[in-house]
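Please look over the structure shown below together with its sequence. The report that follows takes up one residue and its surroundings, and then turns to a second chain.

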Amino acid sequence: MSTLTVGRAKKRGGLWVSQRRFILSVTIPMILYSGVGLFTIGWALVLAFFDYSPGRAGGPILGLGGSNPFVGLKHFANMIDGVSREATQFRISLRNTLIFALAVLPLNLAITLPLAALIESVDRRLKTAFRAIYFLPVITSSVGVAMMWGYLYDPQRGLFNAVIRLFGGTPVAWLSDPRAQFLGVSVAMWAVIGAYLWQDFGYNLVIFIAALQGIPQEFKDAALIDGANPRQVFRKITIPLLRPTLLFVCVMTMLSSFQVFDIIQVMTNGNPNNQTRVLVLDIYDNAFRYQRMGWAAAVSLVLVVIVMLVTIVQMRLLRTEWEY
Amino acid sequence: MATIAAARARSRPAFDRLRCGLGHLMVYVLLIVGLSMTLMPFLWMILSSLKTATEILRVPPTFWPDNPTLANYLTILNDPKLPLLRFYGNSLFVAVTNVLITLFTSSLIGFLFAKYQFHGKRVLFGWFLLTMMIPGQMTMIPGYLILAKVGLLNSLWGLIVFSALDAFGIFLMRQFIESLPNELLDAARIDGASEWQLYWRIVLPQLGPPLATLGILTFMHNWNAYLWPMVVITKIERRTLPIILTWYNSQHSTQPNLTMAATVMIVMPILIVYFFFQRWVVRGFTMSGLKC
């Protein structure tokens, strides 16, 4: 009773003041902190228009100007038709990144969607077990994955070539033969795609399983009553209802494969002959190994723009007008 | 209900049922094939780590080790150039600190956005989510330059200062806190609790499940992080586990028995965590759209 009286004794105004003080004490540090974030983004944008290297002293503001001169759109012009080593490397990286992402997305969906439907159809306890095990690679550190797969691909002592020899085939130098190709894409690229798919598929799998569970049984039952067979139910009911999930999965898979780095850096470091060099690796090498940070910032700007475009296009293509 | 059962039955006459039985068998066969393909790289890693230095060099390789041995693990643990405990400590420090900070800021800011009305709330929310949605590769370069300016390169704090706010965490917490009844908060206010006390005493204790989910995801994300730690840390004794693993690999690239044993030691802790918290982890990933 006494506490209640104390509470009543406080004026309404008092309560409002203490709430406002609380709001301010949380929002002000938050705004300051995300202000640093905004400053960082702005700095990254500005760097893309300078020939900046951290080794040089440069001008008074953030080391820009002076020996780190403003170059305008020169970096971007270079990317399009420059002949310098970094320009050709950029174009190779861009092409490889596109190949990587365009190969990963359909392969991933071709594995995860049927697999999710299979897992969804088994007994509930088994389902949990299957899901848990299929998810293991996702939580494994990508450096660990790269180490494991690098050794699987080892030309002499790796498991894959051992199996090939067992069936009388010729061993393949998976990660180091610059001439080996399959479907016009280098074998080294397929090899890193394989490792990446293995690590990544469990993520989409659990999302599809969750989505399949979320589809109301009544819809399928109604179709069955109307005389549809199970396959028709899957094609005409399940797939259309999965569209929002499909959109989400496509966007997320694309985004993360455009940003692939760990597995490739550890397994091939862009070799052989830059055949597995991708954009983030290019950014990392330019910024932190060759100290060409202006150039690297310009490349990262290109990456960000591509990532945003892909997101927007896929949102448009796969948009649905209704919900259930 | 009867009609539904009838409809289901009608779609499977006797012939169909036989086909269905075979179909079921096929389902399990496919699932088990997939399962072995998922587990094979793990198995190959573990088996290789148990082989002796001579056996590992054999061409073609053996699958099962002839004389399984733990010698490789002992070699790694006794390597004076590789103070593993220190690296576990580094990784643990970064991961745990980031988890604590993320849990605190996410729940506090989530509480603010869920339960308070103030001017500019929506703008603030949108603006500051936007600043966090820019991919890390873009802010990596200025981030490095800032750390260089303030002297946090080669410091584990450099792996912490930029990750204090987490968009996914704030979303998650806001959603959860919105479902808490306002009456609960008002009752505590009438009893004289301050707004901070509401947060600590009323809201936080209700947040067990989302805190667990967010905590585990943040932990894994930091434990496995590679690119940013490699940028920030160059001194060997400050390195975290993934960077030390690639370093060790470059030193012993002709001895896969050792590198595979090292990989096991670095991959295993997270798999053990996963084993205990499997449900939370999977649920968290399903909700998030966040990838390690």
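## Asp285(A) and its setting

In this predicted model, Asp285(A) has a relative accessible area of 1% and is therefore buried, where buried means under 20% relative accessible area, exposed over 50%, and partly exposed in between, with a 1.4 Å probe and protein chains only. The residue belongs to helix H14 of chain A, residues 279-289; helices here are DSSP runs of H or I with at least four residues, strands are runs of E with at least two, and both are numbered from the N terminus.

When neighbours within four places in sequence are set aside, Asp285(A) is in contact with Arg277(A) and Tyr290(A), contact being defined as heavy atoms within 4.5 Å. Asn269(A) is 16 residues away from Asp285(A) along the chain, and the C-alpha atoms of the two are separated by 9.9 Å.

## A network of salt bridges

Side chains of opposite charge can pair when their charged atoms come close. A salt bridge is counted when a side-chain nitrogen of Lys or Arg is within 4 Å of a carboxyl oxygen of Asp or Glu, and the whole structure contains eight of them over all chains. Arg277(A), Asp282(A), Asp285(A) and Arg289(A) are linked in a network of such bridges.

Arg289(A), with a relative accessible area of 45%, is partly exposed.

## Chain B

Chain B comprises 13 helices and zero strands, and 52% of its 292 residues count as buried. Among its contacts between residues at least 6 apart in sequence, 71% join residues at least 24 apart.

Helix H10 of chain B has 17 residues, 208-224, and should span 24 Å at 1.5 Å a residue, which agrees with the 24 Å between its end C-alpha atoms; the expected span is 1.5 Å times one less than the number of residues. Of the 17 residues of H10(B), 13 are buried.

## Basis of the values

Residues are numbered from 1 along each chain as its sequence is written, while chains are lettered from A and ligands numbered from 1 in the order in which they are written. Local features need pLDDT of at least 70 and side-chain atom pairs count only at pLDDT 80 or more, whereas totals for chains, interfaces and linings use all residues, and side-chain values use heavy atoms, with hydrogens and water left out.
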